[in-house]
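Subject: Structure for you to look at, with notes on its pockets and a helix pair

Dear colleague,

I am passing on the structure we spoke about, and my notes on what was found in it follow below. Please have it open while you read.

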Amino acid sequence: MARKSKPDTGGAHTDFSGEMSYGDYLHLDRLLDAQHPKSPQHNEMLFIIQHQTTELWLKLVIHELKAAIRQIERDELAPAFKMLARVSRIMAQLIQAWDVLSTLTPSEYMDFRAALGHSSGFQSHQFRAVEFLLGNKRRELLAPFRHRRAIHAELEALLKAPSIYDRSIGLLARRGLAIDDAALSRDWRERYCANASVEAAWMAVYRDTERYWDLYELGEELVDLEDFFRQWRFRHVTTVERIIGGKKGTGGTAGVSYLRGLLEIRLFPELWDLRTAL
């Protein structure tokens, strides 16, 4: 009688009756049970997964940015460079993700748009956290989170704390570059405005890269990050316009015109201005 052969698993461990499996480690039961369309329309699943995966990436962006800020505070720039480079690569992933959502046509979106109510990406507390960490601060943006005390408190703390650019300017000063007090002890709750002393300091760095190589690399990592962030915003605008045209957003904003206005915001202005003067 022929002996029954065992399935070839390539040596992989297959008995997880008392051990942690891949699905256990990633909590896939919970993760894959988090998609609950509000309509019977086929295309709503795409919309949900697009935004949920974005939120997962934003969670990692926040994790990396907070760690990078701590490293800059300690003048330990090498690990910060790795973290900032990772954030830029995450932003590249988010930019590419718009290609998937852009397969949603206007008529397909309108089939389920009403089911969204007033929910909108404008209410993403993680995106607000990223903006605050990068320095794009506006106190009124806390308003949508008043009903979530823990989230509101976390965002308020980020609003009051120095951004990654504020910490970078502080580092320039600690390295002996002349920075005005107005740029070092300002109200962190306000959006940063360009300062002539900060531009002069960055100019000194970029004109003597051999002497200030790590500060020069920091400047370029920040420019990379803002470049990717701008590209993400631009793809957001074009995707929204492609799907809803000039309609208002579900959250009540003016939609495309509101998003276009955000393209004019500059996070690290001196690092862009010096390119003209250099």
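Predicted model: local features only at pLDDT ≥ 70, side-chain atom pairs only at ≥ 80, totals over all residues.

Residues are numbered from 1 along each chain as its sequence is written, and side-chain values use heavy atoms, with hydrogens and water left out.

The cavity holds about 30 Å³ of space, and its lining consists of Leu58, Met91, Leu94, Phe127, Val130, Phe229 and Trp232. A cavity is a set of points on a 1 Å grid over the protein atoms alone where a 1.4 Å probe fits but cannot get out, whereas a pocket is an open set with protein on both sides within 12 Å along at least five of seven lines; lining residues have an atom within 4 Å of a point.

The largest pocket has a volume of about 1,300 Å³, a volume being the space filled by probe spheres set on the points, which are joined across faces, edges and corners. Its lining comprises 46 residues, of which Phe47, His51, Ser120, Gly121 and Phe122 lie nearest the centre. Helix α3 supplies the largest share of this lining, nine residues (helices are DSSP runs of H or I with at least four residues, numbered from the N terminus).

The second largest pocket, with a volume of about 240 Å³, also draws on α3, which gives the most to its lining, with three residues. By class, that lining has five nonpolar, three polar and two charged residues.

Finally, α10 (residues 196-207) and α13 (residues 269-277) pack at an angle of about 60 degrees, with their axes 9 Å apart; axes are lines fitted to C-alpha atoms over the stretch in contact, and angles run from 0 to 180 degrees between N-to-C directions. This makes α10 oblique to α13, since angles under 35 degrees count as roughly parallel, over 145 as roughly antiparallel, 65 to 115 as roughly perpendicular and the rest as oblique.

With best wishes

Definitions and conventions:
Helix = DSSP H or I, 4+ residues; strand = E, 2+ residues; numbered from the N terminus. Nonpolar A, V, L, I, M, F, W, Y, C, P; charged D, E, K, R; others polar.
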